[in-house]
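Please keep the sequence and the model in view while reading.

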Amino acid sequence: FVDPDDWISLDAVQVLYERILQDGSDMAVGDLVEVLADGSVQSGYYHLDNALLNKEEALSRLGMARDIPCMAWNKLYRRIIFRYLRYEEIVRAEDTWMFPYLLDECKSISLDSRILYYYYQRPDSIVHNSKDPEFLDSAAAAFHVAQFLLERGFKKNAAVYINSAICQLHLVQDKKAARKLAATDINVRNGALLAIAKKLEE
């Protein structure tokens, strides 16, 4: 996957393909940089290491300091991991919603430290001009991932996503809509996730 306003290095596909062949992995991930509107390049915040992770190791990084970018782009996949998976039809954050399921379908994931992807920061993009629908989608996706991680025993990771969702809800102007999302089954499941987040912060 490559977003239409981004670009990849000339050897990106070859590098990721060779890593999948070499490691026998199901997904290969390259590092990235952000490109600003004036053409300057800003070092990204992922700084991937060269590694081969199993599924549990990859999931344990979600939301943490050595996170794997959750976007669909900057990766090459074996087609088979999409056999049962389809992206949600939401305004924003469909990548966040889907990514843990993609990792869950993988036996192993290759990380490559080389810069292969150039993420263009377009000033008029949806990321930089979000409104209530985007904030609500982002919050719903974060709550969804938190529930996924909690069910698999990654409590600290789940707490990070809960806090992210709460931050998104604070940005929503329609407070009634924000409260409605915070009360739905998709997120807190009778307050269990929020209780865990609070406990981990103590």
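For what follows, Ala, Val, Leu, Ile, Met, Phe, Trp, Tyr, Cys and Pro count as nonpolar, Asp, Glu, Lys and Arg count as charged, and the others, Gly among them, count as polar. The structure itself is a predicted model.

The protein chain contains seven helices and six strands. Read from the N terminus, these elements follow the order β-α-β-β-β-α-β-α-β-α-α-α-α. Of the 202 residues in the protein chain, 47% are buried, where buried means under 20% relative accessible area. The protein chain exposes about 11100 Å², and 54% of that area is supplied by carbon and sulfur atoms. Among contacts in the protein chain with a separation of 6 or more, 75% are between residues 24 or more positions apart.

Strand 2 pairs with strand 6 in the parallel sense, and nine bridges join the two. Within this pairing, L32 has Y117 of strand 6 as its bridge partner. Strand 2 also pairs with strand 5, here in the antiparallel sense and over three bridges; M27 stands opposite Y77 of strand 5.

A further partner of strand 2 is strand 3, which covers residues 41-43 and pairs with strand 2 in the antiparallel sense over three bridges. In this pairing E34 stands opposite Q42. Strand 2 and strand 3 form a hairpin with five residues between them. In the turn of that hairpin, G39 has a positive phi of about 90 degrees.

Two of the bridge partners named above return in the description of a pocket. The second largest pocket has a volume of about 170 Å³. Its lining includes Y77 and Y117, the residues that stand opposite M27 and L32, respectively. The lining also includes F1, V2, I8, A12, V13, L16, N74, K75, L76 and L116. Helix 1 (12-23), strand 5 (75-77) and strand 6 (108-120) each supply at least two residues of this lining.

What is the division of the lining residues of the second largest pocket into nonpolar, polar and charged? Ten are nonpolar, one is polar and one is charged.

How values were computed:
Residues numbered from 1 in each chain as written. Predicted model: local features only at pLDDT ≥ 70, side-chain atom pairs only at ≥ 80, totals over all residues. Heavy atoms only, no water. 1 Å grid on protein atoms, 1.4 Å probe; cavity = no way out; pocket = protein on both sides within 12 Å on 5 of 7 lines; lining within 4 Å. Points joined across faces, edges and corners; volume = space filled by probe spheres on them. Helix = DSSP H or I, 4+ residues; strand = E, 2+ residues; numbered from the N terminus. Buried < 20%, exposed > 50% of the residue type's maximum accessible area, 1.4 Å probe, protein only. Contact = heavy atoms within 4.5 Å. Areas by Shrake-Rupley, 256 points an atom, 1.4 Å probe, with all protein chains shown as cover. Pairing = 2+ DSSP bridges.
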